[in-house]
Amino acid sequence: MGSVWTDIPPLNSQAQERLGYPTQKPETLLERVISASSNEGDTVLDPFCGCGTAVSVAQRLGRRWVGIDITHLAITLIKHRLKDAFGDDVAKSYETVGEPVSLFDAETLALQDRYQFQWWAVGLVGARPTPKEQKKGADKGIDGRLYFHDEAFKKADKTKQVILSVKSGHLKATDVRDLRGVLDREKAEIGVLIALEEPSGPMRTEAASVGFYDSPGWGRKHPRLQILTIAELLAGKSIDMPPIRQTSTTFKKAPRAKKAQAPQARLPFDVEEE
């Protein structure tokens with residue numbers, strides 16, 4: 001193999017592993033780099049890991065790894081990528097450092113950077129902002145979305161959505177009314193207000209007055225407007241919506257990991273072990 005590689009094409013917009021990250025590299029490229037420069041059990045460091053291609057390939061090739069990124073958007077995307085590629089148990093094999101794990105941590109993040117707080121908060125429910133909603137100040141009352149299907153027994157299975165609004169500051173009664181307006185404007189099935197503060201009784205009453213979404217596929221009712229606090233989400237509470245296996249989040253799913261096809265490459269100066 002020479003020093004100029006022309007046999008690995010860049011990812012096109014239709015590539016199966018494309019996750020919507022602008023600078024995403026092909027896994028084939030990172031597989032070659034990691035295989036040629038390390039052995040199983042070695043540690044791979046990617047200090048600007050973006051959507052986690054190096055991390056995912058290192059996991060597949062049996063390397064230890066450290067991935068670093070400055071945004072909670074990237075960290076959430078990488079966690080979902082690993083889960084899609086290796087299954088739920090992969091989360092037991094690594095530790096996430098730097099994410100809020102308590103209400104105090106969440107309050108600190110909100111004070112430091114409210115946009116990072118918003119992106120972290122929507123990640124708690126398995127979502128992330130669309131590219132348009134990642135632009136600061138351009139969300140129009142929406143900080144994230146989830147998409148789902150629940151008409152499995154009908155011929156026309158329409159894609160439906162849950163819209164998410166995050167409030168890191170003082171919670172007001174108008175926040176509930178505003179989300180109700182966005183819910184109607186977007187013709188969404190469910191709206192969720194994620195709040196750092198505990199809502200008042202009248203706020204919860206107003207949210208309940210919006211009524212229910214009837215799931216045709218499951219025959220269940222789900223509140224159309226829900227309020228979830230960060231404390232509740234950290235404690236394990238989730239959105240009341242159709243079963244998660246019927247949903248499709250705003251993350252494009254990474255393909256299931258396959259074992260590397262090529263044997264471990266050797267560098268010219270490798271020394272044979274006795």
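I started at helix H5 (residues 114-123), where Tyr115 and Trp119 both sit, 4 residues apart, about one turn of the helix. I take helices (H or I, at least four residues) and strands (E, at least two) as DSSP runs, numbered from the N terminus.

Some ground rules for the notebook. This is a predicted model, so local features need pLDDT of at least 70 and side-chain atom pairs count only at pLDDT 80 or more, while totals for chains, interfaces and linings use all residues. Residues are numbered from 1 along each chain as its sequence is written, and side-chain values use heavy atoms, with hydrogens and water left out.

**Entry: aromatic rings**

I looked up ring pairs next. Rings of Phe, Tyr and Trp (its six-membered ring) pair if their centres lie within 6.5 Å; planes under 30 degrees apart are stacked, over 60 edge-to-face, and the rest tilted. I noted 4 aromatic pairs by this rule. The Tyr115 and Trp119 pair is tilted, because the ring centres are 6.4 Å apart and the planes stand at 40°.

Are these two residues buried or exposed? I use buried for under 20% relative accessible area, exposed for over 50%, and partly exposed in between (1.4 Å probe, protein chains only). Tyr115 is buried, at 16% relative accessible area. Trp119 is buried too, at 10%.

I then turned to Phe148 and Tyr213. Their pair is edge-to-face, with 5.9 Å centre to centre and 70° between the planes. It links distant parts of the chain: Phe148 is in strand E3 (residues 144-148), Tyr213 in strand E6 (residues 212-215), and 65 residues separate them. Both Phe148 and Tyr213 are buried.

**Entry: charges over rings**

I count a charge as over a ring if NZ of Lys or CZ of Arg is within 6 Å of the ring centre and within 35 degrees of the ring normal. Arg114 places its charged end over the ring of Tyr115, 4.4 Å from the centre. Arg32 lies over the face of Trp5, 5.0 Å from the ring centre.

**Entry: helix H1**

Arg32 took me to helix H1 (residues 27-37), where Glu27, Leu30, Glu31, Arg32, Ile34 and Ser35 are buried. What covers them? The cover includes strand E1 (43-46), helix H2 (53-60) and helix H3 (72-86).

**Entry: strand E5**

Strand E5 (residues 190-195) has 6 of its 6 residues buried, so it is largely enclosed by the rest of the structure. In a regular strand the side chains alternate between the two faces of the sheet. I checked each face of E5. Ile190, Val192 and Ile194 are buried on one side, and Gly191, Leu193 and Ala195 are buried on the other.

Which strands pair with E5? Pairing needs at least two DSSP bridges between two strands. Strand E4 (residues 160-167) runs parallel to E5, joined by 6 bridges. Here Ile163 stands opposite Gly191. E8 also runs parallel to E5, joined by 5 bridges. There Val192 has Gln226 as its bridge partner.

I also noted that E4, helix H6 (residues 173-186) and E5 make a right-handed β-α-β unit. Right-handed means that, with the strands pointing away from the viewer, the path from the first strand over the helix to the second runs clockwise.

**Entry: Lys187**

Lys187 is in the loop between H6 and E5. Most residues other than glycine have a negative phi, and most peptide bonds are trans. Lys187 has a positive phi of about 55° although it is not a glycine. It is exposed, at 67% relative accessibility.

Arg204 is in helix H7 (residues 201-208). It is partly exposed, at 30% relative accessible area. I call it a contact when heavy atoms lie within 4.5 Å. Not counting residues up to four places away in sequence, Arg204 touches Glu198, Pro199, Ile227, Thr229 and Glu232. Its side chain reaches the backbone oxygen of Ile227 at 3.3 Å.

Thr229 is in strand E8 (residues 225-229). At 3% relative accessibility, Thr229 is buried.

The protein chain has 8 helices and 9 strands. Of its 274 residues, 45% are buried. Among contacts between residues at least 6 apart in sequence, 60% join residues at least 24 apart.

Technical notes. A polar contact is a pair of N or O atoms within 3.5 Å; within protein, one must be able to donate a hydrogen and the other to accept it, and residues adjacent in sequence count only if both atoms are side-chain atoms.
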